[in-house]
Amino acid sequence: MIKRFLLATLLLALTGVAAHADVPTKSDSLTLKPTTAEAQAAALSARFLTRFQYDAKPLDDAMSEKIFDAYLKDLDGDKLYFTQADIKHFDSLRDSLDDAIWNQDLSGPFAIFNLYVQRATQRLQYARSLLKKGFDFSKKESYDFDRDKAKWAPNEQALDSIWRKRVKNDWLRLKLAGKDDADIRKTLDKRYKNYIDRIDQLDSQDAFQTFLNAYAETTDPHTDYFGPRAAQNFDIAMKLSLEGIGAVLQASDEYTMVREVVPGGPAAKSDKVHVGDRIVGVGQGKDGPIQDVIGWRLDDVVSKIRGKKNTTVRLEIIPSKTGLDGKHEIVTLVRNKVTIQEQAAKKKIIQVKDDGVTRRIGVIELPSFYEDFGARRDGDPNYKSASRDVAKLLKELKKDKVDGVIVDLRNNGGGSLTEATAMTGLFINKGPVVQVRSSNGSVEEQTDDQPGMVWSGPLAVLVNRGTASASEIFAAAIQDYGRGLVIGEPTFGKGTVQNLVNLDRFGDGEKKPKYGELKMTIAKFFRINGGSTQLRGVTPDIAYPRNGNEKLFGESTYDNALPWTDIQPAKYKPVANLKMLVPILEHKHAQRIAKLPAWKLMLDELAEFRKNRDKTTVSLNYDTRLAERKHVEAVQKAFRKRHKAINGDTSDTMEVTLDDGLTPGERSIKDQIKQEKEADKATDVMLDETAHIVADEVGLIQADTKLAAEVLPYHGKSAIAD
C-alpha cells in the first residue's frame with residue numbers, strides 16, 4: 001500500500017510559542033502568491049475528483065466547509081498558532097473555497113497560509129526569548145500536550161500561557177535526559193531557530209500543496225495531490241521506497257513517528273524499532289554525532305536516514321512502550337535495500353506437545369504479496385512470486401508430514417491482487433476470491449480458475465492490525481469459504497484501490513511539468529459474501545488481545561475513511577463448516593493461556609503500553625516527573641527480567657570489542673547479525689499459541705471421522721455455487 005504519510009511533502013507541524021504581534025521577523029514581509037498554473041491545477045483536480053473519484057462528492061458549499069476545516073488542521077492541528085480572532089477573520093472563506101477553486105482564484109487560501117507563516121515565526125521568536133530566563137520546576141503545574149480537540153485560544157495572552165508550558169516541557173525533557181541548563185538552552189535555541197529557517201524556505205508550491213491536499217484528503221484518506229516538486233519526490237520514493245532502514249514514517253506533532261516497519265528490512269530485523277516509536281535524533285556512522293530532528297520536515301528526516309547500502313545510521317528514539325517521557329534509546333542500523341528475496345515467504349515447523357501427543361504444525365511467514373513483474377514481463381519461467389513460493393513451501397511441508405498449516409500474515413501490508421487471488425487458489429478447488437466495484441458501479445470478480453488444492457488439511461491464517469489490503473482479501477476468502485480459521489486481531493481495514501493521474505497529460509501540452517499528479521481512489525474491494533473489507537477489516541474467528549496500536553494505526557484512525565458497505569454476494573459455496581469447532585477451540589485456548597507466563601507477560605506489557613499511550617497531560621514539576629520516569633524504567637526492567645526468564649538470558653545491548661580488526665561498517669553489520677540471532681530466540685507467544693490451536697483442531701478431527709467430514713474441504717468439488 002502506498003501511504004500518504006510516507007510521501008507527503010506538506011509543511012509539517014512546527015513547534016513554536018505564541019508571540020506578540022510587534023516582534024519583527026524575517027517572514028513578516030513574506031507574501032506568497034498562487035501562480036496561474038496552480039490555479040489551473042486546482043480546477044483540473046476538482047474535475048477529476050467530482051467525476052471519477054469513488055463515491056464522488058460535488059465541490060459545493062458543504063465540501064468547502066470540510067476543506068476549510070481540513071486546511072486549518074493541516075496548518076495548525078493543535079491550535080497553537082491561530083487565535084479565535086484569526087479564524088473569525090477568515091470565516092467568510094468557510095463556504096466559498098469551492099468558488100475559489102472553480103474560479104481559479106486562490107488568493108483566500110494563500111492569505112490563510114501567509115498569516116500562518118507569520119504567526120508561526122512570531123511564536124518561535126517568542127520561544128527563543130523564554131529561554132533566556134529559564135523556568136522554575138518546583139511549581140505544581142501541568143501541561144496538556146494533546147490539543148487535537150482543543151478550542152482556538154481566545155487571544156495572544158492565552159497562547160502565551162500555553163506556549164510557556166510547552167517550552168518548559170521541552171526544557172524539562174532535556175533536563176530529565178541529563179543535560180545541564182547551558183546545554184539545554186543551546187539545544188532548544190538551535191531547534192527553534194531551525195524551525196524559523198525552515199519557515200523562511202516555504203514557497204508558493206508549499207502553500208498550494210498544503211491547500212489542495214486538504215481538498216484531496218477530504219474526499220478520503222488515501223487520495224492525495226502532489227505538486228510538480230512533490231510528484232518528482234514521489235517518483236523517487238517509489239524507486240527508493242525500500243532503500244534505507246525499511247520503515248514507513250509519518251509526522252506526529254513535532255516528532256517523526258514510525259508508522260510501519262517493513263518486513264525483511266534492517267529495522268524489522270533489529271527488533272529494536274517498532275510502530276509508534278518517535279525518532280528524535282539521527283547520527284551518521286558508528287560514532288557520528290546525533291543531530292536533533294525534532295520539528296523537522298518529514299522529507300528532511302528521511303533524507304538523513306536514507307543512504308548508501310551497507311552504511312551505518314544511528315537513530316535516537318523514544319520507544320512507544322514508555323511514552324514521551326521514556327528513556328531515549330540509540331539504535332544502530334546498517335542501511336540496506338529490501339529486495340524480493342528479503343520479502344520472500346519462509347517456512348518452519350513448530351512441534352506441539354500436548355497430552356503426550358506431538359503434532360507438527362507448518363508455518364509459512366509471508367511479509368507481502370510480491371511478484372517480480374519485470375521478470376514475468378520478460379518471459380522468465382522462473383520469476384518469483386508469493387503464490388509460487390508458497391506452493392513450493394506447502395509441498396515441502398507435505399513431505400515433512402505436517403499435521404496442519406499456519407499462514408502468518410501479521411504486518412503483511414498487501415501487494416499484488418493477482419497474487420492474493422492465486423494464493424487463495426492453493427487452498428480451494430476453484431472459485432471467486434474477491435469482488436472489485438469501480439466508481440461507475442460496475443463489479444468485477446477476481447477468480448481462481450485453477451482446479452485442485454496444494455494443501456487441503458487444517459489451516460489457520462494469523463493476522464494483526466498490520467494485515468492490510470491484499471492480505472485482507474486472502475484472509476476474508478479463506479474465512480468465507482470456511483477453508484481455515486482466521487486467528488489474531490482485527491485487520492487494518494483498507495478496502496480501496498488507488499490510481500495515479502498525471503494532470504499534465506490533460507494540460508496545454510508543455511513538456512515541463514506544471515500541474516502535478518493526483519492519487520485518487522477509484523474502486524473498492526468486496527468479499528465474496530458481499531461485505532467490504534473497508535473500515536472493518538477482517539474479524540478473526542478466534543480473537544487475540546489487540547496490540548494497542550488501534551488508536552495510531554488502521555483505517556478507523558482516519559476521520560474521513562469511506563464507510564463499510566455491502567453488495568450482492570458472489571456465486572460461491574463454503575467448502576467446510578469450521579464455526580462448529582470455534583467454541584471448543586476457544587475453550588481450550590482460554591484454559592491454556594490462563595497458565596501461560598508468556599501470555600500473562602504480553603497482557604501486562606499491552607496494559608502498560610495503553611496507559612502510556614493514553615496519557616495526554618504531564619506534570620511540569622521536576623520531582624514528580626523524575627519519580628514517574630523512574631517508575632516507568634522500573635516497570636520496563638521488570639518486563640525484561642520476565643522475558644529473560646521465559647526466553648533465556650539474552651543481552652539487551654550488543655557489545656563488540658573494538659580490537660577485533662573490523663571496520664566500523666563491518667562491526668555494525670556484525671552487531672546487527674547478533675541482534676537478529678538474539679531476536680530469533682525470543683518466544684513468539686501468539687504464533688506458538690496459534691500452533692496449539694491448530695494442533696487442537698487436528699486432534700478433534702482425528703478423533704471424530706464424522707466431524708472431519710464437516711470441517712475438511714470437499715475434494716474434487718468446485719467452490720462455485722450451482
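A residue counts as buried when its relative accessible area is under 20%, as exposed when that area is over 50%, and as partly exposed in between. Keep those cut-offs in mind as you explore this predicted model.

**The nonpolar core**

- In soluble globular proteins, nonpolar side chains tend to be buried together.
- Here, the largest nonpolar core has 78 residues.
- Several helices give two or more residues to the core, among them helix H2 (36-51), helix H3 (61-76), helix H7 (156-176), helix H8 (181-200) and helix H9 (204-219).

**A patch of negative charge**

- Four residues gather on the surface in a patch of negative charge: Asp 61, Glu 65, Asp 95 and Asp 99.
- Where is Asp 95? Look in the loop between helix H4 (84-89) and helix H5 (97-102).
- Asp 91 sits in the loop between H4 and H5 as well.
- Asp 91 has a relative accessible area of 40%, so Asp 91 is partly exposed.
- The C-alpha atoms of Asp 91 and Phe 68 are 9.2 Å apart in space, while the two residues are 23 residues apart in sequence.

**Salt bridges**

- Side chains of opposite charge can pair when their charged atoms come close.
- How many salt bridges does a search of the whole structure find? The search finds 31.
- One of them joins Lys 73 and Asp 559, whose closest N and O atoms are 3.0 Å apart. Lys 73 is in helix H3 and Asp 559 is in the loop between strand S20 (542-543) and helix H18 (582-593), so this pair ties together parts that are 486 residues apart in sequence.
- The two partners can be compared by their accessibility: Lys 73 is partly exposed, at 41% relative accessibility, whereas Asp 559 is exposed, at 70%.
- Another salt bridge links Arg 527 with Asp 480, and here the closest N and O atoms are 2.6 Å apart. Because Arg 527 lies in the loop between S19 and S20 and Asp 480 lies in helix H17 (residues 470-480), the pair ties together parts that are 47 residues apart in sequence.
- Are Arg 527 and Asp 480 buried or exposed? Arg 527 is buried, at 10% relative accessibility, and Asp 480 is buried with a relative accessible area of 10%.
- Lys 579 pairs with Asp 541, with 2.9 Å between the closest N and O atoms. Lys 579 is in the loop between S20 and H18, and Asp 541 is in the loop between S19 and S20, so the parts they tie together are 38 residues apart in sequence.
- In this pair, Lys 579 is exposed, at 55% relative accessibility, while Asp 541 is buried, at 13%.
- Salt bridges can also be linked in a network, and Glu 550, Arg 610, Arg 613 and Asp 614 are linked in this way.

**Residues with a positive phi**

- Gln 104 is not a glycine, yet Gln 104 has a positive phi of about 60°.
- You can find Gln 104 in the loop between H5 and H6, where Gln 104 is partly exposed with a relative accessible area of 39%.
- Leu 535, also a residue other than glycine, has a positive phi near 70°.
- Leu 535 lies in the loop between S19 and S20, and at 30% relative accessibility Leu 535 counts as partly exposed.

**A buried residue in a strand**

- Met 257 belongs to strand S5 (residues 255-261).
- Why does Met 257 count as buried? Its relative accessibility is 5%, and the cut-off for buried is under 20%.
- Met 257 and Ile 279 are 22 residues apart along the chain, and their C-alpha atoms are separated by 6.1 Å.

Technical notes: Residues numbered from 1 in each chain as written. Predicted model: local features only at pLDDT ≥ 70, side-chain atom pairs only at ≥ 80, totals over all residues. Heavy atoms only, no water. Patch = residues over 30% accessible without salt bridge, like charges linked within 9 Å, V, L, I, M, F, W, Y side chains within 5 Å. Areas by Shrake-Rupley, 256 points an atom, 1.4 Å probe, with all protein chains shown as cover. Salt bridge = Lys/Arg side-chain N within 4 Å of Asp/Glu carboxyl O. Lys, Arg positive; Asp, Glu negative; His and termini not counted. Charge placed at Lys NZ, Arg CZ, Asp CG, Glu CD. Helix = DSSP H or I, 4+ residues; strand = E, 2+ residues; numbered from the N terminus. Core = buried A, V, L, I, M, F, W, Y, C linked by side-chain atoms within 4.5 Å. Buried < 20%, exposed > 50% of the residue type's maximum accessible area, 1.4 Å probe, protein only.
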